[in-house]
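Let's take a friendly walk through a protein assembly. Have a look at the sequence and the structure first, and then read on.

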Amino acid sequence: MELLKGLDIKLISDERLKGSKYQILISPEILRKVVSKFREEGYFLEDVMAMEFKECLHLLYRFNHFENPGTATVRVSIDKEPAEIETISDIYSGALWHEREVFEFFGITFKNHPDLKPLLLPAEDFEGHPLRKTEKDMKSIKDVFPMFFDETDQEEEQS
Amino acid sequence: MSGVEWTFIKIVIGMLLILGFIAFNAILLGYGERKISGFIQGRLGPYAVGPHGSLQMMVDMVKLMTKQIITPKKADGFLFWTAPILSFMSVPVLFMVIPFSPSFTVINSGLGIVIILAFSGLNVLALCIGGLGSNNKWSLLGAARAVSQFIAFEVPILLVVLSITLMTGTLSLSEIISKQGGFPWQWNIVLQPIAFVIMFVASLAEMNRVPFDLPEGESELTAGYSTEYGGMGFGLFVLAEYTHIVVASSVITTLFLGGWKGPVFSGIWWFLLKMYILCFIILWIRWAFPRVRFDQLLNLSWKYLIPAGIFNLLATALLVKLF
Amino acid sequence: MEFWKEDFYSLKFAEKKRDDTIIINIGPQHPATHGVLRVLAELYGEYIVRSECVLGYLHRMQEKMGEIKTYPQFYPNTGRLDYGHALAWNWAYVGAIEKLVGIEVPEKAEYIRVITTELNRIASHLLWWGVYILDLGAFTPVMYAFEDREILLDILQRITGSRLTYAYFRFGGVFQDIDSKFIEDTKKFCKRMHSRLNLYHEFVTENIIFKKRVEDVGIFTKDTITKYGATGPVARGSGIKYDVRKAEPYGVYDRFKFKIPVEDKCDCLARYMVRMKELEQSLSIVEQAIEGLPEGDFKNKKTPKMIKPPAGEVYFSVESARGKVGIYIVSDGGMNPYRVKLRSPTYSNLSLLDEVSKGMMLADYVATLGSLDLVIPEIDK
Amino acid sequence: MATITKEIKEILKGIKSLFVGMKITGKYMIKPKVTVNYPWKTVGKEALEGFRMVIQLVPVPANGKSHKCIACGMCARSCPSNCIKLDVKQTVEEIELPDGKKKKKVNKNLEGFYVDFSLCSVCGLCVEVCPTKTLTFSNYPYIVGTTRNDFVYNILEDFNKRYGKE
């Protein structure tokens, strides 16, 4: 990904991750820089989604380009307690709805999002976040996406 | 019995006949509208009640009458219920003046056109009151549209009527007809084609018929001013609308198509024939065109119909002066 | 007894209300919103000052159903997401699983999929065309459109078994083979449809009232499209040549010659013309597919009975009548998917309306809403 | 001057398009009607040929009287909206194997095959997953009921009624 040269990103290519041209794993701090780079390049925002694992909440931002098509997936992991991340709705105003949806399904608050209120679920008489996993079928990110952690980290865990 | 009682009895009989005529016409046009819309859209239209659905309108009338009378909450009861009555009240008076045939005119007054123009304005007052009184934002919008649409299209009708009276020199309808001959080329439509087009378009707009049915534009204002009406309130509005179609087409036939005069033996059947052909065309138009946007509607009147009306008026004045 | 309670959204919307405007609910039950979309609009006379869409009236939590049910069990849900073009969603889900598990689809099944999906696209565009003109006030075109659409639905019903919410595809092929009567009926339909399209153009496209209602109304600039991620005819109406069938080809679409209609006037008329030209393109695709229909079995015999894909993820996207449909599945090796994400095109197409509708007239707002070709179950998911 | 002529030309073209609209609707008035008048005439058998309605049991072609359902419950498990309920009478009997070993043989026979059609999404998974291919779709669409469990069909009983098992 030539346009993200300056930033410390981790390009992953693994045959188990099918369907998108680029898989980019980044840390939450540089999210806004990466997204505004995509914006200058003319990428359009396809959708924003989240997944829950034992250790972290995993966010996916998917971009695509009208002229040279191919999905670029930006993946961010944030920890669960202060589940919050900066909003990108001022760069991509399409993210307004996507972020509201992730907020009500997962409880991730998006910092300085203009009006963070439930989008699809009833606003007053509904508590809880439906897409959070119960203890029983919560998986660790290591067995679903082992390829994110190259071999060095795995030795540290085992030892 | 001196003349006065006789005219009084004539008026009462005339009024009863007219009410019967209005009721018959409302049923005929209601049934005709559904049948025409069915045939245009490749389906049969009402089929179940009576032979080929002919008694459908009777059943509808009974249904409308038996509906519960509901007044919306916080709506102005008096205004809400005077609107339908008012909209239907102005119509029988118009029929009194129209010369169906030499023997069938109730009042042969010298100011026929002026009466027609005066009373046809009452309907809009009713729409406005109905819209305001029913405490519903949609009907408020519908009422506002109805008022400005009526003002915009009253002026062209005045201009057309002025040019006709200028040409024929009288204000009474029966003389206008007598001035026109029996054969089509002797009618006023040949002498004033532009006036006929303006009159037709403007009266379409005044009846709130498609393509100008913005006050009750279903897909935008969810039935506009008649949103809150159910049962007989709505029934009266529909009745008034159908009778307005009949009134407008009969006015156009008297002014332009030579009223009861026909090529062979002229009589009331010629009048009815021309009128029902015009009603058929008006009903037909409803299923052929989309709806005009509101500012285009007003532009149509102020920018196109009124200048054309003025030009037509000047042209007739010039021609009258020359001949 | 105050049974009617001011609800959360209109209270928040009314905080910033100017004093000379009225707030109306182009409510969940309104003829112009096809389905249960509610729009809070602040009107100054006829002009909309600002508007906000309130969603969720048809929300069924499809994504949680995806996690509870096994892979084959979630499949009928995809037919209920966009009932206008259900086969596109079917293809997206089935394609995603085939890519994840690695099932091979025989030649004939791919052709059958192309034929039925393109026929379903024509039916969806016919539905849109009739109902769009109904929004603008004409009552007859919807009947003519449904006359053709009924013929098409009868053809599809013989093979797929249902008329609107299809469940015809299977992992590795289709449920049932097509026979000669289907092919003959489709040929007859395509021939008749060409002449019917001329009737549509004559009857509506040239009509001056329709033209005046639709020309330069609801302008979506290219920047708005990329900011909101709108795809499909809405994007192609603003000069963006992006169609998933050509951009990321799937199935056997690269064997057919068809053009992507693009207009660059960015208004409702441009989106209208894009869809009308797409009808012709779909007709030619169906005709080409029927000529080149190969022999072979309609379903891969060796599809595994139990779908238990290894840990991993897949993202598969398809071009539906409304835009780019994407299904993203993460599997953790179990019977049920770990996470299913449904990317629906009208969700993004509708999100740009809040910004674009400032200063619009109410009648233009209804025209723009119609030109977006919305299907609410796909938005509320 | 050019704009005025263009304006007038456009207006004339517009008016012509209005008359074209009237012509088309007028021609349609005379054309034969397209719709089927439902209560008096119905669509007919061949139009409903592939239509999917409640599932039904398929008679064994050999004797045309019995069906091949072995009450394994695969369809009930695979149904997304679990609207299939089987009640099965299990009888265990001792049978003597030729080499003298005792073996309990469990045979289940079907008492009732209930399908709640108000939940069914006609997806066809049960028809496909059935090992003995004994389920298929019926295509009679005019079903009507006043209560919810009017739509719970016992298709075993329909099968017996239709194919007259003793």
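Predicted model: local features only at pLDDT ≥ 70, side-chain atom pairs only at ≥ 80, totals over all residues.

Residues are numbered from 1 along each chain as its sequence is written, chains are lettered from A and ligands numbered from 1 in the order in which they are written, and side-chain values use heavy atoms, leaving out hydrogens and water.

Let's start with the chains.

| Chains without contact | Nearest C-alpha atoms |
|---|---|
| A and B | 25 Å apart |
| A and D | 20 Å apart |

Now to chain C, where an open sheet of 3 strands runs in the order β1-β2-β3 with antiparallel pairing. Its edge strands, β1 (22-26) and β3 (47-54), each pair on one side only. From one strand to the next, the twist averages 20°. Between β2 (residues 38-44) and β3 of chain C there are 7 bridges (strands pair if DSSP finds at least two bridges between them). Helix α15 (residues 362-371) of chain C lies across β1, β2 and β3, at about 40° to β3(C) (angles run from 0 to 180 degrees between N-to-C directions).

In chain B, helix α12 (residues 268-286) has 19 residues and spans 27 Å from first C-alpha to last, close to the 27 Å expected at 1.5 Å a residue. Its buried residues include B:Phe271, B:Leu278 and B:Trp284 (buried means under 20% relative accessible area, with a 1.4 Å probe and protein chains only).

Definitions and conventions. Helix = DSSP H or I, 4+ residues; strand = E, 2+ residues; numbered from the N terminus. Expected span 1.5 Å × (residues − 1). Buried < 20%, exposed > 50% of the residue type's maximum accessible area, 1.4 Å probe, protein only. Contact = heavy atoms within 4.5 Å.
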